[in-house]
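Visitor: Could you walk me through this one? I'm new to reading structures.

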Amino acid sequence: MTSDFMISDRDRIAYKETLEFNKSNKFIFGFRFLKNWFLERLASSFPIPSWRVKFHRMRGIKIGKNVYIGYDVIFDRIHPELVTVEDYAEIGDRCIISAHSRGSLPLREMYPRTVKPVKIGKGVWMAPGCIVIQGVEIGENCVIGTGAVVNKSIEPNSVAVGVPARVIKKTDLTDR
């Protein structure tokens, strides 16, 4: 077997890009990636919610107090340290929160790697199956409907639904 069989050109290029972006040694980055992969797999299906939160914190995700993270939630695998989830947020099963993207090999020039932080505000409720992309901030006390794709920041106290997510109403939480 040759190394071409084990690792594709696409994998080599993506790994090199990631190393350059992180200004990291390939062995240190490789070890960190494997540690985070293992912790993500544990967190994904662990039956105790508070332990799921702890495993994600160990990956470098900034998570506040009294946060609920559902089953099979995927936080950015390459840049978990760029994801912040504030106090009392609830993230439903099978949500995806990504702090980076990049185009396919033929489209690299047109769609280069982008890396931007993501912030889920205090008291946010994300229903199952939501996707949040890089650079998005979801304000405090927002509700994100099932399956929504959040590709732009959402103002606090909003209810957003759809693909792409759009605000359908505001909530009034000032009297509480």
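Visitor: Which residue stands opposite Val132?
Guide: Val132 stands opposite Val150 in S14, and strand S11, residues 131-132, pairs with S14 in the parallel sense over two bridges. Strands here are DSSP runs of E with at least two residues, numbered from the N terminus, and two of them pair if DSSP finds at least two bridges between them.

Visitor: Is this a predicted model, or what is it?
Guide: This is a predicted model, in which local features need pLDDT of at least 70 and side-chain atom pairs count only at pLDDT 80 or more, while totals for chains, interfaces and linings use all residues. Residues are numbered from 1 along each chain as its sequence is written, and side-chain values use heavy atoms, with hydrogens and water left out.

Visitor: What order do the strands of the open sheet take?
Guide: The order is S3-S6-S11-S14, four strands with parallel pairing. Strand S3 (74-75) and strand S14 (149-150) are the edge strands, since each pairs on one side only.

Visitor: New topic: is Gly103 buried or exposed?
Guide: Gly103, which is found in the loop between strand S7 (100-101) and strand S8 (114-115), is buried because its relative accessible area is 12%; buried means under 20%, exposed over 50% and partly exposed in between, with a 1.4 Å probe and protein chains only.

Visitor: And what does Gly103 touch?
Guide: Leaving aside residues up to four places away in sequence, Gly103 touches Arg108 and Tyr111, where contact means heavy atoms within 4.5 Å.

Visitor: What about Leu107, where does that lie?
Guide: Leu107 also lies in the loop between S7 and S8, and Leu107 is partly exposed, with a relative accessible area of 37%.
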